[in-house]
Amino acid sequence: MSGADGTRRVRVAAVRGDGIGPEVLDAALPVIARAAAADGVTLDVTDLDWGGDRLLRTGHAMPDDAIDVVRAHDAILFGAIGHPQVDPDVSVWTLVLPLRKGLQLYANLRPIVGWPGVATPAREGAEVDLLVVRENTEGEYAGIGGRVHQGTPDEVATEVAVHSRRAIERIARCGFGHARERGQTLTLATKSNVARHGYGLWDEVVAELGEREFPDVPREQAYVDALATRMVARPESLGVVLCSNLFGDILSDLGAPFAGGLGMAPSANVAPGVDVPGFFEPVHGSAPDIAGQGIANPTAAVLSGAMLLRDVGCPGAADALERAVGTALRDGGARTRDLGGTATTTQAAAAVADALDAPA
Ligand code: NAD
Ligand code: IPM
Ligand code: MN
């Protein structure tokens with residue numbers, strides 16, 4: 001949207017969250033805003049104190065009208081949740097999942113690319129550039145299940161995975177679209193040899209859609225167990241990996257070392273074709289083991305900011321920000337401890353800001 005003075009303004013809801021969430025967002029936000037400003041765009045940032053501390057203080061991680069609050073923005077930038085005094089499932093089910101589901105952000109996009117100067121397990125000369133396209137509303141994340149005979153030897157628990165034709169088809173269309181744009185094969189990860197109802201439906205719907213709407217896009221189906229080995233042994237052989245919610249969660253962490261680790265893995269929760277703000281967040285969590293030390297890698301948050309900028313229609317700023325990340329990593333200023341460097345969170349973000357300002 002445009003301001004009265006003609007400059008473009010983008011409203012960003014910033015949810016810092018818990019643990020290293022506030023550390024990486026505090027470092028990343030000014031750099032993201034700087035990239036936007038250099039492209040003539042002002043970020044209007046609303047700070048939202050949602051997360052574990054708010055939950056402990058008020059009994060609610062976010063307010064009742066949270067969905068309306070974020071809908072009044074163009075995008076959400078999120079740090080991480082996971083508070084030492086809050087049960088992890090409570091953190092997850094009172095904030096991240098209600099936002100993803102409440103906004104029906106059905107596509108979770110998780111790119112994995114190598115960076116200059118960042119060591120990874122990839123074979124010499126192998127270029128990793130893959131995109132995990134994860135269904136983001138159902139599967140094992142449906143929240144359906146229960147327990148009976150609690151605490152007795154007869155105890156039973158169910159966790160029902162939901163797979164609907166509608167949700168599979170919309171995420172598959174998104175995955176095929178990315179594969180076409182990137183000129184890559186779409187690899188569907190399922191487990192239809194065992195879970196034949198749910199994943200059988202995935203296989204059928206994706207094959208039908210591929211034939212009907214994307215005959216030009218090469219596609220293959222792989223069992224997720226074998227795919228896990230292939231992702232580690234030959235990640236360069238993969239392009240777009242389309243998967244269910246839980247498989248996408250696991251495969252994106254599995255692939256992250258090929259970008260340099262969890263501190264390097266950004267993500268976007270979006271709903272292509274629907275007018276709703278996207279929700280951009282690092283793949284990593286609140287990293288309680290390093291929280292409060294100022295050593296967390298802010299790159300995943302910065303790169304999530306680049307995905308945000310691209311989504312709100314600022315591709316120039318997004319490209320510039322990614323280029324600056326590449327420069328700062330190559331020159332070493334952005335290399336934090338997880339990357340074998342010595343930069344603190346703040347220094348790493350400052351190195352990206354310097355690279356943004358440097359003449360191309
Ligand atoms: P984690 O991603 O928080 O940490 C895993 C490992 O990666 C840790 O050793 C951590 O130090 C390291 N790491 C993560 N991010 C890093 C960064 N930016 N820089 C350097 N090192 C980094 O996963 P976990 O330990 O399994 O989970 C901790 C908490 O986070 C749990 O409560 C979990 O539910 C939550 N979680 C939240 C999100 C989210 O908010 N989207 C995502 C994953 C996990
Ligand atoms: C992620 C996290 C989340 C998920 C949790 C925190 C809900 O692990 O973003 O990868 O499982 O999707
Ligand atoms: Mn995860």
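By class, the shell around ligand 1 is made of ten nonpolar, six polar and three charged residues. Here Ala, Val, Leu, Ile, Met, Phe, Trp, Tyr, Cys and Pro count as nonpolar, Asp, Glu, Lys and Arg as charged, and the others, Gly among them, as polar. This is a predicted model, in which local features need pLDDT of at least 70 and side-chain atom pairs count only at pLDDT 80 or more, while totals for chains, interfaces and linings use all residues. Residues are numbered from 1 along each chain as its sequence is written, chains are lettered from A and ligands numbered from 1 in the order in which they are written, and side-chain values use heavy atoms, with hydrogens and water left out.

Let's stay with ligand 1 for a moment. Among the 19 residues that surround it, the closest are Ile81, Gly285, Ala287, Asp289 and Asn297; a residue belongs to such a group if one of its heavy atoms lies within 4 Å of the molecule. Next come the polar contacts (pairs of N or O atoms within 3.5 Å). A polar backbone atom of alanine 287 is 2.8 Å from an oxygen atom of ligand 1, and one of serine 286 is 3.2 Å from an oxygen atom of the ligand. A nitrogen atom of ligand 1 has a backbone N or O atom of asparagine 297 at 2.9 Å. The protein buries 69% of the 810 Å² that ligand 1 exposes when taken alone, with areas from the Shrake-Rupley method and a 1.4 Å probe.

Now turn to ligand 2. Around it you will find Val92, Leu97, Arg100, Arg110, Arg134, Tyr141, Asp249 and Val283, which divide into four nonpolar, no polar and four charged residues.

Note on methods
Polar contact = N/O pair within 3.5 Å; in protein donor to acceptor, adjacent residues only side chain to side chain.
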